[in-house]
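Please look over the structure shown here. The report below walks through its chains, their contacts and their annotations.

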Amino acid sequence: MNNFLLLPIIIPFFFGMILMFGQKKLAYQRITTLLGLLMAIIGALGLVYKVHADGPQTVTFGSWPAPFGITMVSDMVSALLVTTTLILAFFIVWYGFESIGKERERFFYYPGVMFIITGVNGAFTTGDIFNLFVFFEVLLMASYLLIVLGGEKAQLRESIKYILVNVISSAFFVITVAFLYSVVGTLSMADIALKITEINQPGIITVIAVLFLMVFGMKAAIFPLYFWLPSAYSAPPIPVLALFGALLTKVGVYAIMRTYTLFFTHDLAFTHELLLILSVITIIAGCIGALAHFDVKQIIIYNIVIAVGVILFGVAQMNEVALQGAMFYLVHDMIIKAALFMLIGIVIYISGTTNLRKMGGLMKTYPALGWFYLIAALGLAGVPPLSGFVGKLLIVQGGFQADNIWSSIFILASSLVVLLSVMRIFIYAFWGEQGQISNDVNKTTYNRLFFPTMILVFISILYGVGTEWITTLMGDAAKILVDPSIYTDAVMKGGE
Amino acid sequence: MEIIMAFVCGFLFMAAIYLILSRSLLRIIIGTGLLSHGAHLLILTMGSFKGSAPPVLSDGVTDYVDPIPQALILTAIVISFGVTAFFLVLAYRAYQELQTDDMTLMKGSEDHE
């Protein structure tokens, strides 16, 4: 019983409510948002320390005994993800001061960000499957606001499709929860895991597993269900895109990771094999998209799809090494995607176009931007000392342990395609003849955009170089994913 | 009773899918409404119709309905209500801005290569 773990959810929610007042006072809006996120970050770091020292923390609302009340569980997996989410949100909001536009700032942009963080952190923390649905809706509702905010034609057009896809996937979620409830008669995730073990996963549970894969796969953008992502994500402005690209799909990935390690662990030959195949096809589809486009936004957006495939490949192996790799890669990908979106945001700001063919020669005028982009690009592909390396190494190592030799080699090969796709931006935008340059580039604005981006790239470097320091934390996370009994024990006995 | 409900749910889903696949934005929104109705009815059915008594449990009472599905439906109804309201406003705004409610005219982006 520890209320402390609610801080990363409550603080953004509280500040979101405060920010709904005083819309026109920009200084107040900006400072309050950063202050709220900073407080939440401190809370989340404290939570990581607490979880590391004392094991998973739980709180069951209303002091009901464990399986009956709604439980919030903070184990190492969720504590790390919550912390990453808040840190990224801080930098993205900071970056947004210069690029989101004053009109949006005056119309509930900051409350929208705070509520989306509430939803994301809640989804990472909750230990109740229906509560997960509710937090999904909280973050979706905020994301509907953010994607349409500004009311440009492209935004209106794409947000209709985005909402429609998500409404359908939410309906599926409700249906799946109903099926699951009718079979196991409980909603607490720990209790579901225990009940499924008792009945030894009959066929109907496998059907439910596939339904869950559809529901969360729609959010996470896995192979047949990623069709909505590229066009929907290219509509909103860069800070919103960074927020979505770094956080929203990862919530879906987390949900798949959680359900597939906690509930559906008895028919691995079907469920995890399916996940494996889908993750490999997801990577192929993402690679094709990333190489085919000449639009910088689209290239990075398709890289989201590739990363989702890599993480889920790690989950599909179901051994400790690969799951540790998946955790490493998940956090890495959140950081590096936010950094990349912010970098290409600056590139788009300078050149005034998203078309690679019109860009060129930025290296002469903006060498620092070029070098930082290069570091981020190498980090994304997983070049050794940088952040993507450890995760991918462990995932592939886990793949070899699970005897998936060819698909593991395929994952390694896909890194080359990732490298090629992001290097293409580097070559076209930074090398060669001077390309198109926007007329109203302001040096102060550029510096203000560049500063938070630079810090975020430094964080990603630190994450890669300082892997040694966080290995114990990731190890804790992997242990929980491999051995669900740690999770269920923490929930069931946490009430006392 | 479960069989009838299964057919009703199926019919609602069928109608919802038909409407969602149509071109008019308003029909699509009505379709999503029907879809969530079907889902809610499904939760109710999954709670089973055993017992005619209210969902109240106290000592000595053996005849009661499972209260959880009803609580779930209540939550889900509120959420789908909010989403539908937002969707309708968005559709109106999009109609004003784009001068059409036909989904076939809303695809792709202008700046294709």
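## Terms and source

Two residues are in contact, or touch, if their C-beta atoms, placed from the backbone, lie within 7 Å. This is a predicted model: local features need pLDDT of at least 70, side-chain atom pairs count only at pLDDT 80 or more, and totals for chains, interfaces and linings use all residues. Residues are numbered from 1 along each chain as its sequence is written, while chains are lettered from A and ligands numbered from 1 in the order in which they are written.

Gly43(A) sits in helix α2 (residues 26-54) of chain A. Helices (H or I, at least four residues) and strands (E, at least two) are DSSP runs, numbered from the N terminus. Leaving out residues up to four places away in sequence, Gly43(A) touches Leu7(A), Pro8(A) and Ile11(A). The C-alpha atom of Gly43(A) is separated by 9.9 Å from that of Ile9(A), 34 residues apart along the chain.

Is Gly43(A) buried or exposed? Gly43(A) counts as buried because it has 20 C-beta neighbours inside 10 Å. The cut-offs are these: a residue is buried if 20 or more other C-beta atoms lie within 10 Å of its own, exposed if 12 or fewer, and partly exposed in between, with C-beta atoms placed from the backbone.

## Chain A overall

Chain A has 21 helices and two strands. Its radius of gyration is 21 Å, close to the 23 Å that the globule rule gives for 496 residues, so chain A is as compact as a globular protein of that length. The radius is taken over C-alpha atoms, and the rule is 2.2 Å times the number of residues to the power 0.38. Along the principal axes, the C-alpha atoms of chain A fill a box of roughly 65 × 55 × 45 Å.

Of the 496 residues in chain A, 60% are buried. Take the contacts in chain A between residues at least 6 apart in sequence: 81% of them join residues at least 24 apart.

## Helix α19 of chain A

Helix α19 (residues 443-465) of chain A has 23 residues. From first C-alpha to last it reaches 32 Å, close to the 33 Å expected at 1.5 Å a residue. That expected span is 1.5 Å times one less than the number of residues.

The buried residues of α19(A) include Leu449(A), Phe450(A), Pro452(A) and Tyr463(A). Among the elements that cover the buried residues of α19(A) are α3 (76-99), α14 (320-351) and α20 (467-482) of chain A.

## Two domains in chain A

Chain A is divided into domain 1 (1-266) and domain 2 (269-465). These bounds come from an automatic or database domain assignment. The C-alpha centres of the two domains lie 23 Å apart. In all, 37 residues of domain 1 are in contact with 41 residues of domain 2.

On the domain 1 side, α3, α9 (203-220), α10 (229-234) and α11 (238-262) of chain A each supply at least two residues. The largest share, twelve residues, comes from α11(A). By class, this side has 29 nonpolar, six polar and two charged residues. Ala, Val, Leu, Ile, Met, Phe, Trp, Tyr, Cys and Pro count as nonpolar, Asp, Glu, Lys and Arg as charged, and the others, Gly among them, as polar.

Chain B has three helices and zero strands. Its radius of gyration is 20 Å, but a compact globule of 113 residues would have one near 13 Å. The C-alpha atoms of chain B fill a box of roughly 70 × 25 × 25 Å along the principal axes. Buried residues make up 25% of chain B.

The contact between the chains takes 26 residues from chain B and 25 residues from chain A. On the chain B side, the elements giving two or more residues are α2 (25-46) and α3 (68-98) of chain B. α3(B) gives the most, with 14 residues. By class, the chain B side has 18 nonpolar, five polar and three charged residues.

## UniProt annotations

An unreviewed UniProt entry annotates "transmembrane region" at residues 5-21, 28-49 and 69-92 of chain B. UniProt positions are given in the numbering used here, feature names are shortened, and annotations may be inferred rather than shown by experiment. In the model, residues 5-21 of chain B are 94% helix and 0% strand, with end C-alpha atoms 24 Å apart. Residues 69-92 of chain B are 100% helix and 0% strand, with end C-alpha atoms 34 Å apart.

For chain A, the UniProt annotation "domain: NADH:quinone oxidoreductase/Mrp antiporter transmembrane" (unreviewed entry) covers residues 128-414. That span of chain A is 82% helix and 0% strand, and its end C-alpha atoms lie 36 Å apart.
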